[in-house]
Amino acid sequence: MTEQATAGATGLVLLHGGGPGVDAASNWATVWPRLTSRFTCLAPDLLGFGARITDVVGAERPRGPRAWARARARQVLESLDRSGMTRVHLVGNSAAGGAAALALMAEAPERVGRAVLMGGAGTGPLPAAVPFYDRPTRESMRATLARLVADESAHRELLDELADLRVRQALRPGAEADFRAMFADVAGQPPPVDLGSITCPVLALHGEHDHVAPVEVSARLVEALPYGRFEVVAGAGHWIHVDRPKEFCDLVEDFVNT
């Protein structure tokens, strides 16, 4: 878990995305210096990723998006309790962090002030194919990462570095089994949360050139939320915080400080 305290600052919990081999530190590196200068930030490795991969042979795992979102919400609550943070704002990235943020707001609304959700927060359909693991090579990982930005040529060095890191992490014992369990289509499983029950104000951000989830996913999410606001970030892909880091931080700060 990555944590940095700023004296007297508001608590901000950053929940990373759900790509193969991700961890909190690498996910938020482009915006960590600025956000930690304004907030007391907590960025845990979510269950199934980074330091929280299930590496015990034969261990039971949650199965399907609902079960993983709820397990991660409980994980975050335990982290808040250990850190002495009673009420925080959330930033949830895509299908892992976004879904966990929604589950946390539904389960413990008194612990959350406001939330910023990115890339549809996992409310769209499950991916048609499991990324990377059907062809677990560096080239496959690099291609997977290229889809996350609007213009690959603007981030070649970063994507090359991340491909090396993520391949190592994605091939650790237990990582593939965790990942496949996250996106298992469990017949009859209800949605992770009842969006209409969430009373926290939510800002849903979506990149104009998102190659992973269409803008309409976030638009439908906001329509279902009682206190939702929707903003399309011009020129950004799925990774808004990488393509437009300054604008992303401005949007987060303005919304949570409202």
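**Entry 1: the Phe rings**

I started with Phe 183, which comes out as partly exposed because its relative accessible area is 23%, and the cut-off for buried is under 20%. A reminder to myself: this is a predicted model.

Next I looked up how many aromatic pairs the whole structure holds, and the search gave four. One of them joins Phe 132 and Tyr 133 in an edge-to-face arrangement, with 5.1 Å from centre to centre and 70° between the planes. Phe 179 and Phe 183 make another pair, a tilted one, at 5.0 Å centre to centre and with 50° between the planes.

Phe 132 has a relative accessible area of 3%, so I noted it as buried. Tyr 133 is at 6% and therefore counts as buried too. Phe 179 is buried, with 1%.

Which residues do the ring pairs link into a cluster? I found Phe 49, Phe 132, Tyr 133, Phe 179 and Phe 183.

**Entry 2: a charge over a ring**

I also looked at Phe 255, and found the charged end of Arg 114 sitting over its ring, 4.8 Å from the ring centre.

**Entry 3: His 206**

I moved on to strand S6, residues 202–207, where His 206 is found. Is His 206 buried or exposed? Its relative accessibility is 0%, so it counts as buried.

I wanted to know what surrounds this side chain. A polar atom of the His 206 side chain lies 3.3 Å from the backbone oxygen of Pro 214. Setting aside neighbours within four places in sequence, I listed the contacts of His 206: Gly 119 and Gly 120, then Ala 213, Pro 214, Val 215 and Ser 218, and finally Phe 230, Glu 231, Val 232, Val 233 and Ile 240.

**Entry 4: Ala 219**

The C-alpha atoms of Ala 219 and Phe 230 are separated by 6.6 Å, with the two residues 11 apart along the chain. Ala 219 has its place in helix H8, residues 215–224. At 21% relative accessibility Ala 219 counts as partly exposed, because buried would need under 20%.

**Entry 5: helix H5**

Last, I went through helix H5, residues 138–146, for its buried residues. I noted Ser 140, Met 141, Arg 142, Thr 144, Leu 145 and Ala 146. What covers them? Helix H6, residues 156–170, is included in that cover.

Technical notes. Residues numbered from 1 in each chain as written. Predicted model: local features only at pLDDT ≥ 70, side-chain atom pairs only at ≥ 80, totals over all residues. Heavy atoms only, no water. Helix = DSSP H or I, 4+ residues; strand = E, 2+ residues; numbered from the N terminus. Buried < 20%, exposed > 50% of the residue type's maximum accessible area, 1.4 Å probe, protein only. Polar contact = N/O pair within 3.5 Å; in protein donor to acceptor, adjacent residues only side chain to side chain. Contact = heavy atoms within 4.5 Å. Phe/Tyr/Trp six-rings, centres within 6.5 Å; stacked < 30°, edge-to-face > 60°. Lys NZ or Arg CZ within 6 Å of the ring centre and 35° of its normal.
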